[in-house]
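The paragraphs below lead a new reader through this structure one part at a time. Keep the sequence and the 3D view open while reading.

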Amino acid sequence: MILDRRNFLKTTSVVAGACALAEPSVFATAGGPGYESWFNRPMRWAQLTLVENDPGRFDPDFWLSYFKQIHADGATLSAGGVVAYYPTLVPLHHRSDWLGNSDPFGYLLNGCRKMKMSVIARTDPHAARQDVYDAHPDWIAVTARGEKRRHWANRELWVTCALGPYNFEFMTRVHKEIMERYQPDGIFSNRWAGHGICYCEHCTKNFREYSGLSLPESNDRLDPAYRKYLEWSTKQLKELWVLWDDVIRKEKKGSRFIPNGFPDKVITGKLSDIVFTDHQARSGVTMPWSNGKVAKELRASIGMKPLGGIFSVGVEEPYRWKDSVQGEAEIRVWVAEGTANGMRPWFTKFSGVIYDRRWLSIVDKIYQAHYRVESYLRNIEPIARVGVVFPEHSPNYGGEAWQRNEGDHVLGIYHALIEDRMPFEMVNDQLLDTEHLKPFKLLILPNIAVLSAEQCDQLRNFVERGGSIVATFETSLYDETGRRRNDFGISDLFGISFDNGMEGPMQNSYLRLKNDPATNRFHPVLKGLEDAYRIINAIYRVKVTPLSSFPGPVTLIPTYPDLPMEDVYPRVPETDIRELYLRETGKGRIAYFPGDIDRSFWQIMSADHGKLLRNTIRWALNEEPIVEVDGPGIIDVTVWRQEHSMTVHLVNLTNPMMMKGPFREFIPVGAQVNIKVPQGTKAKEVHLLLSELKPAYEIREDRIIVSVPAITDHEIIGIDLE
Ligand SMILES: [Zn+2]
């Protein structure tokens, strides 16, 4: 049967709300009067993903008592999709071969309910069996070569098409049945959004109707057809989200569809009441702060809606040892980064039968501490004066040699801020309006190359209100279509003009660091570099022309031969070409680096680049940071406000395994922490919430100086306010 999706939408009763697609306000009633919204209540989540042969073999009561012991107040339980763990009546919905007369989903759900936990049913629609293929071959995903797609990990299964009737029709029936029978608080779908481009008859036809184009041959994001495809598939997924959400809410007001991931964070923020991130652990050279970065980027986009951080207790590597267990230090640091950045922990465990039990006590320890200090984790807002802008979309940028690895610009800034212990937040480039920028004194634009005229105006307004900017490389040189402008979109803010050229990769080039000849003093951006004379340059530089006079603390020493060694001497020892443009604009300060110093820092990790970046950021901030941390080691610092308190989270990332996991052991560090108390409040008492040690502290006007004797993995300074 070939199903025309538009007819399906028209003729199916469950999509009554789908006409409101373009109106996110369709969700405005969520959490409104009429029912008690549950979204904000659960603080600690447990996910048990059953495997098909669990029924009859695993002990559900063990799990229920474990949930109780660790004070989990939310659970996500396997219900249906590729395998049904309840006696489903939906045709082709495969009951576990081990199910017999049992209903493990219902049993666990009822047990959780008795403990007053919120319960979300988990479905996984991405794979199907041969009987589904035989009955509806058009539900199966198709490869670019026109072949039905076998499941890559289990050859007995088929990959389903996410954007066709399998999801829109079949999974809608499954979700409706789960809601009718069990009334969970939500349905969470894993792998619901497809696995690459599907070339099935529905996708081919629907994409052509939408765009007039054939499906793109590959996922090259510079291919206009692929960009159109992304637009179309995002729209389809949004329709599917709204459809399932509507079905779910018809059965139970206040219950929601919760997708595991969606391609657009701004839309996610508009459509959701609760969001979970699926960033389970590190692999390879993933930074230990990566979980915090994901949390910050989502918060920038969804505001203070509850954010759950799914973490794995196992090894997350390409070989997918799903039954493995990591060491304690690695699990704890990963979760600490999430908690410090406002995520609520959600452990996920596959298989109801446990092989390696070591993780149970580790998660227990984490959750017990979380439960004990819960009131200090109910954050109202983050407190940070520095915002790092990140691009929400990957538009038509990145085709030139100097534009490769564009994500490294943000990573370099992120790491420089971590090394500086500077509290900061991420800022979504689609949300630069006054309201979103209000908390910030300084915005950092790490090669935010693509900016519309409107976004440029928003940045101008920010500076007019007294804001400061640090920007690098091609920031604002391209419009929102990816077309290069004749000049920077915010050339007026930078005080420079584009000189129509790019230099690099530069071999053996340097930055000359100079004092001011008039005063003989070094500019604050050179603090700690006074005796360097020169440091290594970045790898690429944009050619620019200043529009007025600038101080010259950092100037270019052009490339000179690096071989033969006899030839290695600067041909031009000195220029007056600035590689850092510093201006003051009323209350704000602007610093622009024509070089890709942030990306170079990430790639080379030169300590000198780190210093220059940190000094420049502090100069532009032009106020004392809200928290200063003195002492050895690498510490991620985040600051939050709660109703009656504020907290400073210190996550200790000091570790010889920091650059490549997993952490083997904790290396405790002590710190002296100087904290600014929010205006209009007074500190009553100071706690070290996780170690429960009595801190020595001293109050000096609006600041508190706290001695933290030892941070193991995570310490939270809690300050009661009045
Ligand atoms: Zn398809």
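Five strands make up an open sheet in the order β11-β24-β25-β30-β27, and their pairing is antiparallel. At its edges stand β11 (381-382) and β27 (683-688); each has a single partner strand, so one side of each is left without a neighbour in the sheet. The model described here is a predicted one.

The partner of β11 is strand β24 (residues 635-641), and the two pair in the antiparallel sense over two bridges. Within this pairing, Pro382 stands opposite Trp640 in β24. A helix, α10, lies across β24, β25 (645-652) and β30 (714-721) and runs at about 150° to β25.

Another sheet has parallel pairing: it is open, and its eight strands follow the order β7-β6-β3-β2-β1-β10-β9-β8. Its edge strands, β7 (256-259) and β8 (275-278), each pair on one side only. From one strand to the next, the twist averages 25°. Helix α7 (residues 224-251) packs on this sheet, where it touches β6 (186-189) and β7, and its direction makes about 145° with that of β7.

Inside the eight-strand order, β1 is listed beside β10. Strand β1 (residues 45-49) and strand β10 (residues 344-350) run parallel and are joined by five bridges. Here Trp45 stands opposite Trp346 in β10.

Helix α11 (residues 358-372) is the next element to find. Its 15 residues reach 22 Å from the first C-alpha to the last, close to the 21 Å expected at 1.5 Å a residue. The buried residues of α11 are Trp359, Leu360, Ile362, Val363, Asp364, Ile366, Tyr367, Ala369 and His370. These buried residues pack against β1, α2 (60-69), β9 (307-312), α10 (328-340) and β10.

The last stop is the zinc ion. Which residues supply its protein donors? They are Cys161, Cys198, Cys200 and Cys203, each through its SG atom, lying 2.3 Å from the ion. Along the chain, the donors follow the spacing C-x36-C-x1-C-x2-C. The four donor atoms subtend angles of 102 to 115° around the zinc ion, which makes the arrangement tetrahedral. For four tetrahedral donors, the ideal angle at a metal is 109.5 degrees.

Are Cys198 and Cys200 buried or exposed? Cys198 counts as buried because its relative accessibility is 8%. Cys200 is buried as well, with a relative accessible area of 3%.

Definitions and conventions: Residues are numbered from 1 along each chain as its sequence is written. This is a predicted model: local features need pLDDT of at least 70, side-chain atom pairs count only at pLDDT 80 or more; totals for chains, interfaces and linings use all residues. Side-chain values use heavy atoms; hydrogens and water are left out. Donors are N, O and S atoms within 2.8 Å of the metal (3.2 Å for Na, K and Ca); water is not among the atoms, so sites may look incomplete. Four donors count as tetrahedral if all angles lie between 85 and 135 degrees; four count as square planar and six as octahedral if opposite donors are over 155 degrees apart and all others between 65 and 115; anything else is irregular. Buried means under 20% relative accessible area, exposed over 50%, partly exposed in between (1.4 Å probe, protein chains only). Two strands pair if DSSP finds at least two bridges between them. Helices (H or I, at least four residues) and strands (E, at least two) are DSSP runs, numbered from the N terminus. Axes are lines fitted to C-alpha atoms, for helices over the stretch in contact, and angles run from 0 to 180 degrees between N-to-C directions. Contact means heavy atoms within 4.5 Å. The expected span of a helix is 1.5 Å times one less than its number of residues.
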